[in-house]
Each structure stands twice: as structure tokens, then as C-alpha cells.
Amino acid sequence: MRLPTLMGAVLVFAVAASAGSARAPNPAPASGAYDPQIRPADFVRRIDNLYFPLKPGSVHRYAGVAEDGKARQTGVVLVTHRTKKILGVRCRVVRDTGYTAGKPEERTFDWYAQDRAGNVWYFGEDSRDFRHGHWVRSGGSWKAGAHGAKPGILMLADPQPGQTYRQEYYPGHALDVATVLGPDGAVHLPFKTVRHALETSETSDLEPGVVEHKYYAPGLGEIKSVEVKGGKEATRLVSVSRSR
């Protein structure tokens, strides 16, 4: 989940010459030296970003197909009541479990925190693969502040078309970058139709041949993802509920 200092830059608004209107700066540029200075006092306990709200107890269920475009894939994302301190920042723990053909395949515990400007930072993940009946830690795990890893931005406070930002930074392991494409057409979900969802394009230097587009809805978060290059994986949100 890039700036000389974190909040000193985040709280200053720049004028976008092309649009002629005030626009929040990009706190996680994908080019140039990257060294975000994380100050715990600049973060808040809640995560209520318009396009990526994380309400403890909420459960998002997804369904779609795997990379081969055939195998059925499902996912269950639970926003837990747990938190984890990373670099002095109290992060919300989100459990994401993926299934292929009905069998558990991958589980991650992701760590997020929101700054005062409204940007949702991604501090890393504890990633597990299901092998021989057990969850085994995978090489995709990383934590900001350890072994050169640094936090990135999962969702900007004020996403604008054309903005490109780092989502994670762990050279050799995690280097996802997202670009805001802007509002898209209608996205049809089993329980509602979302019009003008925010669309982003995600790439990684570690997988140069893969491009994934994601769609986000106000108040819901991620509602759809589809690989448009390098694979056929696709998922969409099918239900939202509260855990018991």
C-alpha cells in the first residue's frame, strides 16, 4: 500500500492547473524517492473514507472466477474488532479468506489506518496459504517498518482521474501501484446497481504483464475487480452483512 513528510504534505491543498480547482495532493507518488514519515498523531481511529470504509463487524462476500476464467472463486472479507500497532499507528485488522472451487486457498490479515486527511494507508499483511489442512505463512507477507517495507495508500481521500499512487512498498515482494481512471458506468450487483463507481487500474513491477481494474462504491468499498490483461480473474460483491 512518497512524500518527504506525511501530514505536512497531506494537509496542504494544491491547485490543479488543468481543472482550475483545488485538489488534495497525492501523498503516495509512484515515482521518485519514497520515504513516508509516519507520525502516529496524524492518524485517527476510525476508517470512514467514502470509497473504502471499514466498519468493525461488517462482512463483505465476493464471487467470481479464478485466473483461468473457469474455476469458481469466492471470498469473505471480515472487518474485525482487532487492531495492531505498526510504526506506532493503531491499524484495523481485516481478515480476507479466498476459496477456489469451494476449497480454502488463501487467507490474509491486512492492516489499515486512516490519516486525518482521510487517506487510508496500507501497513502490510500476514498472508497464509492453505496446505495439507493447515494455514501456512506465505512469501506475500510484509509489515511496514520491517526489512525495508514501507506503508502505501489503499485509497486516497480525494481520488482524481490521472492520479497514480503506491499501494504497497516492499522491493522484491510487494510493489502494487494504482491509477485513478475516474467514474465508470453502472456496476450491477445482486442487491443493487451502483452508478458511476470509482474505477482504478492496478499494476505491479513484479507482474509486468498483469493489469487489474477495480471498482469502488461510496459507502461500500470495493465492489468489483477484473483482470483486463494477463489473466481472467474477476470478482464482484454479492452481499454485505454484520458478523454475529
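Mentor: Let's begin with a term: a residue is buried under 20% relative accessible area, exposed over 50% and partly exposed in between, using a 1.4 Å probe and protein chains only. This is a predicted model, where local features need pLDDT of at least 70, side-chain atom pairs count only at pLDDT 80 or more, and totals for chains, interfaces and linings use all residues. Residues are numbered from 1 along each chain as its sequence is written, and side-chain values use heavy atoms, with hydrogens and water left out.

Trainee: What share of the residues of the chain count as buried?

Mentor: Good place to start! The chain has 244 residues. Applying the cut-off under 20%, the share that counts as buried is 46%.

Trainee: Is T235 buried or exposed?

Mentor: T235 is found in strand β22, residues 234-242; strands are DSSP runs of E, at least two residues, numbered from the N terminus. Its relative accessible area is 14%. Buried means under 20%, so T235 is buried.

Trainee: Which residue's side chain makes a polar contact with the side chain of T235?

Mentor: Contact means heavy atoms within 4.5 Å, and leaving aside neighbours within four places in sequence, T235 is in contact with residues including Y62, Q73 and I223. A polar contact is a pair of N or O atoms within 3.5 Å; within protein, one must be able to donate a hydrogen and the other to accept it, and residues adjacent in sequence count only if both atoms are side-chain atoms. At 2.8 Å, the partner is S225.

Trainee: How many strands does the chain have?

Mentor: Along with one helix, a DSSP run of H or I with at least four residues, the chain has strands numbering 22.
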